[in-house]
Amino acid sequence: MTKHEHGKKRKRPRNRGPNKLEKGAHQKETKNDGDKEGVPSAKRRNLQESSKASSFLDKMREKLSGGHFRMLNEKLYTCTGKEALDYFQEDPSLFDMYHAGYRKQMSNWPEQPVNVIISWLKKQSPSLIVADFGCGDAHIAKSVKNTVFSLDLVSNDPKIIACDMSSTPLASSSVDVAVFCLSLMGTNYSSYVEEASRVLKPCGWLLIAEVKSRFDPINGGADPEKFAKAISALGFQPVKQDSSNKMFIIFYFKKKNKQNAEGKEIEWPMLKPCLYKRR
Ligand SMILES: C[S@@+](CC[C@H](N)C(=O)[O-])C[C@H]1O[C@@H](n2cnc3c(N)ncnc32)[C@H](O)[C@@H]1O
């Protein structure tokens with residue numbers, strides 16, 4: 001650069017502050033800024049406009065996917081397992097959409113029930129065979145040494161068996177632990193528990209984790225004792241009911257040697273759908 005050219009260019013001081021493009025949006029633009037350096041100012045305005053537009057679009061996308069998640073969630077709680085299977089098999093991308101929303105929703109929970117179940121399983125023998133009814137992304141199978149049959153409506157992993165869990169391909173008396181983690185969603189939920197009873201070996205474990213509000217009789221939820229009574233009538237021994245978590249309850253049952261031999265009609269309490277609010 002010649003001396004002459006050097007003179008022409010205005011040198012910026014060494015310890016200069018941020019230039020216009022570098023300035024944060026919170027720093028006010030003075031009236032003359034645009035006059036002095038018109039091009040960078042316009043560029044900055046364009047940048048601000050486009051970042052405003054993209055954050056608006058991001059917010060809209062988030063609202064839309066939140067809305068889709070709530071709609072799919074409501075659908076699962078208000079239809080039968082067979083209807084849910086047909087619905088998702090027709091468009092499996094809806095299943096991914098549901099799970100993306102579900103993961104987001106669960107990220108607000110201080111503790112995930114599936115992790116409590118995994119910790120429990122890790123304290124048992126790794127030789128126990130597990131069936132995870134409504135496995136979602138098969139977190140249990142990925143976390144324990146046991147053989148786990150992961151069952152859900154859609155399979156996007158070769159290890160997940162796609163089926164309606166009221167009718168699984170598992171053999172009778174073939175598993176030691178049946179898990180339902182937030183998955184008693186269908187209006188015919190009792191048929192899922194009956195299926196678990198079929199595939200469980202005598203003395204096998206039945207673990208059910210559910211959202212606490214579904215078992216809050218004061219607010220329209222089921223009475224947990226009536227629920228436990230219905231499961232007992234099917235042929236299970238209640239072992240423990242863990243209500244220590246603010247968000248969920250976990251029931252632990254053991255299958256009796258003798259099943260509901262009397263064939264008595266079981267009174268299953270209605271389980272209130274767990275609908276998520278708009279945030
Ligand atoms: C709330 S998610 C919980 C997923 C997983 N258990 C967890 O705790 O992360 C419930 C899952 O149950 C599945 N599900 C609901 N009804 C079902 C049915 N009839 N047959 C198979 N899976 C079902 C849903 O597709 C969903 O993946």
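Colleague: Is Asn245 buried, partly exposed or exposed?
Modeller: In this predicted model, Asn245 lies in the loop between strand S6 (236–242) and strand S7 (248–255). Around Asn245 there are 16 other C-beta atoms within 10 Å.

Colleague: What distance separates the C-alpha atoms of Asn245 and Pro113?
Modeller: Along the chain, Asn245 and Pro113 are 132 residues apart.

Colleague: How do S6 and S7 run, parallel or antiparallel?
Modeller: A hairpin joins S6 to S7 through five residues. The two strands are connected by six bridges, and in one pairing Lys240 has Tyr252 in S7 as its bridge partner. The direction of S6 and S7 is antiparallel.

Colleague: Which residue in S7 is the bridge partner of Glu210?
Modeller: Strand S7 also pairs with S5, and seven bridges join these antiparallel strands. The partner of Glu210 in S7 is Ile249.

Colleague: How many residues of strand S5 are buried?
Modeller: Strand S5 covers residues 200–211, which makes twelve residues. A residue counts as buried when 20 or more other C-beta atoms lie within 10 Å of its own. S5 is largely enclosed by the rest of the structure, because the number of its residues that are buried is nine.

Colleague: Which residue of S5 is the bridge partner of Val177?
Modeller: Strand S4 (residues 175–181) pairs with S5 in the parallel sense, over six bridges. Val179 stands opposite Leu207 in S5. For Val177, the bridge partner in S5 is Trp205.

Colleague: Why is S4 described as largely enclosed by the rest of the structure?
Modeller: Strand S4 has seven residues. S4 is largely enclosed because the number of these residues that are buried is six.

Colleague: Which residue in S4 does Ala131 stand opposite?
Modeller: Strand S1 (residues 130–133) pairs with S4 in the parallel sense, over four bridges. Across this pairing, Ala131 faces a residue of S4, namely Ala178.

Colleague: Is Leu182 buried or exposed?
Modeller: Leu182 is found in the loop between S4 and H8. Its phi is near 55 degrees, a positive value in a residue other than glycine. Leu182 has 20 other C-beta atoms within 10 Å, and the cut-off for a buried residue is 20 or more. Leu182 is therefore buried.

Colleague: What is the phi of Ala138?
Modeller: Ala138 is placed in the loop between S1 and helix H7 (139–143). With 18 C-beta neighbours inside 10 Å, Ala138 is partly exposed. Although Ala138 is not a glycine, its phi is positive, at about 60 degrees.

Colleague: How far apart in space are Glu194 and Met165, C-alpha to C-alpha?
Modeller: Glu194 belongs to helix H8 (residues 189–199). Glu194 counts as partly exposed, because 16 other C-beta atoms lie within 10 Å. In sequence, Glu194 and Met165 are 29 residues apart. In space, C-alpha to C-alpha, the distance is 10.0 Å.

Colleague: Which elements give two or more residues to the shell around the ligand?
Modeller: The ligand is surrounded by 19 residues, and the closest are Gly81, Gly134, Gly136, Cys181 and Ser183. The elements that give two or more residues to this shell are helix H4 (81–90) and strand S2 (148–152).

Colleague: How many charged residues does the shell around the ligand have?
Modeller: At least three residues of the shell come from each of domain 1 (39–102) and domain 2 (112–255). By class, eleven residues are nonpolar and six are polar. The number of charged residues in the shell is two.

Colleague: What percentage of the residues of the protein count as buried?
Modeller: The protein has nine helices and seven strands. Among contacts with a separation of 6 or more, 62% are between residues 24 or more positions apart. Of the 279 residues of the protein, the buried share is 27%.

Colleague: What is the mean pLDDT of the protein?
Modeller: A pLDDT of 70 or more is reached by 79% of the residues. The mean pLDDT of the protein is 85.

Notes. Residues are numbered from 1 along each chain as its sequence is written. This is a predicted model: local features need pLDDT of at least 70, side-chain atom pairs count only at pLDDT 80 or more; totals for chains, interfaces and linings use all residues. pLDDT is the predictor's confidence in each residue, from 0 to 100. A residue is near a molecule or strand if its C-beta atom, placed from the backbone, lies within 6 Å of it. Ala, Val, Leu, Ile, Met, Phe, Trp, Tyr, Cys and Pro count as nonpolar, Asp, Glu, Lys and Arg as charged, and the others, Gly among them, as polar. Domain bounds come from an automatic or database domain assignment. Two strands pair if DSSP finds at least two bridges between them. Two residues are in contact if their C-beta atoms, placed from the backbone, lie within 7 Å.
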